[in-house]
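Opening the notebook on this one.

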4 protein chains.
Amino acid sequence: MSPIRVGVIGASGYSGEELVRLLANHPGITLRIITSRQYENMSLGSVFPNIGQYGNLLFSNPDELETISKETDVVFLALPHGKGLPYAHYLYEQGKVVIDLSADFRLQNPLDYELYYKFSHPYTELLKKAVYALPEIYEEQIGSSNLLAMPGCYPTGVLLSIIPLLKKGWIDPQLIEVFAISGTTGAGKTLDSKLLFSEISENLRPYGFPNHRHVPEILQEIKKVAMGKPAGVLFVPVLAPLCRGILLSITATLTANISQQEAEDAVLEFYKKAPFIKVLSHGMMPELKFVLRTNYLYFSIHLFTEKNKCLVIAAIDNLGKGAAGQAIQAMNIRFGLAQTTGLGP
Amino acid sequence: MSPIRVGVIGASGYSGEELVRLLANHPGITLRIITSRQYENMSLGSVFPNIGQYGNLLFSNPDELETISKETDVVFLALPHGKGLPYAHYLYEQGKVVIDLSADFRLQNPLDYELYYKFSHPYTELLKKAVYALPEIYEEQIGSSNLLAMPGCYPTGVLLSIIPLLKKGWIDPQLIEVFAISGTTGAGKTLDSKLLFSEISENLRPYGFPNHRHVPEILQEIKKVAMGKPAGVLFVPVLAPLCRGILLSITATLTANISQQEAEDAVLEFYKKAPFIKVLSHGMMPELKFVLRTNYLYFSIHLFTEKNKCLVIAAIDNLGKGAAGQAIQAMNIRFGLAQTTGLGP
Amino acid sequence: MSPIRVGVIGASGYSGEELVRLLANHPGITLRIITSRQYENMSLGSVFPNIGQYGNLLFSNPDELETISKETDVVFLALPHGKGLPYAHYLYEQGKVVIDLSADFRLQNPLDYELYYKFSHPYTELLKKAVYALPEIYEEQIGSSNLLAMPGCYPTGVLLSIIPLLKKGWIDPQLIEVFAISGTTGAGKTLDSKLLFSEISENLRPYGFPNHRHVPEILQEIKKVAMGKPAGVLFVPVLAPLCRGILLSITATLTANISQQEAEDAVLEFYKKAPFIKVLSHGMMPELKFVLRTNYLYFSIHLFTEKNKCLVIAAIDNLGKGAAGQAIQAMNIRFGLAQTTGLGP
Amino acid sequence: MSPIRVGVIGASGYSGEELVRLLANHPGITLRIITSRQYENMSLGSVFPNIGQYGNLLFSNPDELETISKETDVVFLALPHGKGLPYAHYLYEQGKVVIDLSADFRLQNPLDYELYYKFSHPYTELLKKAVYALPEIYEEQIGSSNLLAMPGCYPTGVLLSIIPLLKKGWIDPQLIEVFAISGTTGAGKTLDSKLLFSEISENLRPYGFPNHRHVPEILQEIKKVAMGKPAGVLFVPVLAPLCRGILLSITATLTANISQQEAEDAVLEFYKKAPFIKVLSHGMMPELKFVLRTNYLYFSIHLFTEKNKCLVIAAIDNLGKGAAGQAIQAMNIRFGLAQTTGLGP
């Protein structure tokens, strides 16, 4: 098979850089296009010296859409929310596979964009065509769609941790409590004084409460598997002094009389073919370093049956499984490659 | 009034160092004794160059109890759990005021020491004399006791955040969920490879779950104010890459039909005379840096009435309000000084 | 003596915040004015919750110069380079003591401002009136001037470490090599993506080479004590993942046949009345934590006589001795207070 | 070609872990043996969850030397200095290729082991057989030796940066000044309170001065290329709050009348076939992040001809080019593979 021709629009942000780093070691692709207005005409090697491959590839301008379309089979969009819409629209119309890492096609209700992202979505008909590309849940849909909306980093961690239990009807979707600790790359390269080293170091800062943009996304997906029950999420994210990674503590009310063993077995069964999901036994806890620079999600489940409570602790790398890694996993599925191609085991 | 003569046994650990640092700027005391086996006969200035005052005071051996007793009115014990028991016993018998920062006198049930601290308590009669010295709750008892058991860092943060609501009967003591993020000084100078910089940096590590030693302490104190109801705590502490400070997310079930405003007003009223408690308005969130190197507790309350849930976010410095600062606050109360003496405003 | 009435223009940057923090504990002053365009009309307590004193003082607009003049005896300027010139001019004309933490009055040659700071200095006559306010060297001049130009953080560390040896004629001013490691607050709250946590953490970045703005300042001051010899500096600063503090490694060629003991003795003699200078014995090395949150400079001298080389290792806190602390030290001298007032021992 | 069978003795330290991580992605080898007393009988996947490959391989006991010998063609020793000597001796006698990451075979003068490492070397005849395996300098010797002594991290960075200039006779070997900033993994997993997160964070600490163990190693190698001149090194290493990486500032006296361009050209020519050496143009500075998790050395040269000084700024990853990466590079050379196999480009 000839290699898949790949483009990355927005290749100089944190997700874009990670995409390029992973793609540089992907045996089934050839990287043809990387764009960055800031670094236009500079070489990849001069901007990111430690990526290694494709050192002479030049950053180009994202507006050269005809060239991008001609040169690629699949294009990743790693742009701030709202910025990639015209590119997505054009490339989708040209028959390209579009894999969007932003929120622009995640939400099915156009009103949510006005409420949470402060823009009116110009391509509501495309929203209907987009697949919410959580690979372990929607593998089949991913395989046949040309518009893949990659889930947010927090939703990825939360949803993969609780969907098996929700589908069993064992936990109550009406109130999922999520406490999250996140590194700083999750906020991108935004020039915000709150993201300066001097402000983050030796600090912990809750933010985005109570209406973080990932809340409607989590609710939308919980509802899909909640069998008609209403969904509710209490979400408290905290920014901590580290670059990458998310640790989640999730609590929910048990609605079934199950044992710790039954819960673990069900989750293991659910993910028995999922190469990137690692379920730790009761009593073991994931650490962030288990998942750094990988596409893994690690989690463990802890039942407090006498209190009817279920606790899940989960860890992912926001740039790996939470963004670039998962996007490549989706590309692999879409093009019929093994999910793990270019992503480690 | 002649200055209170103070000794610190265990002055070279993190809590001990912080005690000495604060005492060095306390206008009502004179520091007479600092002990450290490791630094015996070395000067304070040579070991902790930036403390400033008392630079020529020498570390002495903690076993010189007669001298310690003769030279002091009050002795702080800042030793690992179980190590200070004979000192506490001797000095208490000599009529000294003993302020113990360890857990050795916090728990009223001697069995808890066997379960959680792995030693059999040799002075169970002293346990009955000890006051759990949470200043905002037990000011009167602190004022008349010669054996002050300083609360743990996590319990200080949790209890001060929820006791006003528990006393009102507005939240259910049967399940308090606590998610905590902590810096590394909370673990002391223990030589554990998990506390090396190389292991902590860029990592987040849940630990001590589900039976952290602070759980029985929190339960004991909740029960005192729970009006006969059983108490339950789900406690998940996470170690993060910072030296000092604790951020807490606490959720509980509402048991009364109250409004956000009523809740805030009640808490403000409860703490109206407490100089170190800062209650932020709804929508505002404490950051760790608000409390670093202070004796403050900052917290805010967030009611989700449609879900019958109450969320509290709180921040303290584990070495300040969580240890050394609070111990000095207790000393101030015991000796009739203003609570804030030597502790800022 | 009635308290000195103090104003701080630019009280919300890192140096300004540190000034206010230190002034809040200064027994000889009363803080009357703090300005910040960003926080105008907000209270100090709401912006910097952990300062403690003056919590109700409101930030005002720096352009209200008449009020500022009327309310104060001394005004600190803690503004970006070039921004405080009109304030300095006005307040100086009004007879106020002006203590400027920026570079605006440090350099005596107006051309240096064009070369290094990219502006044409509008008050060249004031440059002649300004005193380079390095307290340990120019105490007398500070005592009688109303315009104090506070030295930069690097120059403070470098100059105080080598001036005793230069004055003796023991080291060659023609090539002083300075390798410096600095925390991030030295760069202020500038919105530069290179100062984001995600860029600084786990990185080390040389910068400002070879023409850092502190080079002409260091050269100017070396020349004053070089007895007619030309001066040369090779200056390599590196940004490291920490908030505060500077560690310096300085090497120079020995020009005299002196022993280690003679060198140390001479430096100790030179600084025998300097409360903030700590000279460590040969073989001991200053650590950054010795000086954090203090007004100390720690350094040690190491002679390699067989190579004719002298090495100095020095540490200061860039916000303490390198900025706000030293500015208060200068104020103390100017107003006849003990140098250490409000600054610890 | 059948894959090279590899063993790693000491696979649980930082260098050992990095070796295993790199070997897991090396296409020309099969990992047969990993030893660790601490983790004996535990699986690689359970100890280092994010390595990916070889998850089921069990850690074995290093004393099972017969098995190790039988199962491997090449054995890496990643043990503390002095601990691997009997393994090296045995395996070398068995005809295995031994690649030792410790200092045990770096120094040719046995007395240096007594002076700097405090042990008497038991295999002085083996010292003569060992090759100092700096790949860019001793490629030919590496190709034909069965005992490869991998250089230390600091010497690797220093030597590769200055050998081209020393060989030209352009800088004076009599005094090379090296100022180094290092992360904490360089010290290994030693249980030393000075390596605790609480001690390293927000600190900078010079250490190992003036007789760091890498000084005799650097001197030995400088002498080899100094054409009979004496060699001298002034070495000041500083520990900084980061896990990995070394940044070096090296100054030397120029002994020839060369230009910046000539110096750069000579270095580029010297390394024209070296895939891991990146020479930046004058005015550009390497940052640590350019080399993190790579086998690169980045450096730039800056001549100050009017002062007869040459400055080199260099960056390497102490676990990459400074240890595990370079060891694999040496293995590749020894077994006739491309140097870059398994190490990126």
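Is C:Cys310 buried or exposed? I looked it up in what is a predicted model, and C:Cys310 counts as buried, because its relative accessibility is 3%, below the 20% cut-off.

**Cysteines**

While on sulfur, I checked A:Cys153 too. A:Cys153 is also on the buried side, with a relative accessible area of 13%. How far is the sulfur of A:Cys153 from the closest cysteine sulfur? That closest sulfur sits in A:Cys243, 15 Å away, so the two are too far apart for a bond. A disulfide would need the sulfurs within 2.5 Å. I then ran the search over the whole structure, and it came back with zero disulfides over all chains.

**The sheet in chain C**

Next I traced a sheet in chain C. Seven strands make up an open sheet there, ordered β9-β10-β8-β11-β14-β13-β12, and the pairing is mixed. Which strands stand at the edges? They are β9 (205–206) and β12 (277–280) of chain C; each has a single partner strand, so one side of each has no neighbour in the sheet.

I zoomed in on one pair. Strand β8 (residues 176–182) of chain C runs antiparallel to strand β11 (residues 246–253) of chain C, and six bridges join them.

Helix α8 (residues 153–168) of chain C does, touching β8, β10 (233–239), β11, β12, β13 (297–304) and β14 (309–316) of chain C. The direction of α8 makes about 40° with that of β11(C). Helix α11 (residues 260–270) of chain C packs on the sheet as well, touching β12 and β13 of chain C. I noted about 155° between the direction of α11 and that of β13(C).

**Chain A overall**

I count 12 helices and 14 strands in the chain. Its C-alpha trace spans about 65 × 45 × 40 Å along the principal axes. What radius of gyration does chain A have? It has 20 Å, which agrees with the value near 20 Å for a compact globule of 345 residues.

Of those 345 residues in chain A, 66% count as buried. Among contacts in chain A between residues at least 6 apart in sequence, 69% join residues at least 24 apart. As for the surface, chain A exposes about 11,900 Å², and carbon and sulfur atoms supply 48% of that.

Conventions:
Residues are numbered from 1 along each chain as its sequence is written. Chains are lettered from A and ligands numbered from 1 in the order in which they are written. This is a predicted model: local features need pLDDT of at least 70, side-chain atom pairs count only at pLDDT 80 or more; totals for chains, interfaces and linings use all residues. Side-chain values use heavy atoms; hydrogens and water are left out. Two strands pair if DSSP finds at least two bridges between them. Helices (H or I, at least four residues) and strands (E, at least two) are DSSP runs, numbered from the N terminus. Contact means heavy atoms within 4.5 Å. Axes are lines fitted to C-alpha atoms, for helices over the stretch in contact, and angles run from 0 to 180 degrees between N-to-C directions. Buried means under 20% relative accessible area, exposed over 50%, partly exposed in between (1.4 Å probe, protein chains only). The radius of gyration is taken over C-alpha atoms; the globule rule is 2.2 Å times the number of residues to the power 0.38. Accessible areas come from the Shrake-Rupley method with a 1.4 Å probe; for residues, only the protein chains shown count as cover.
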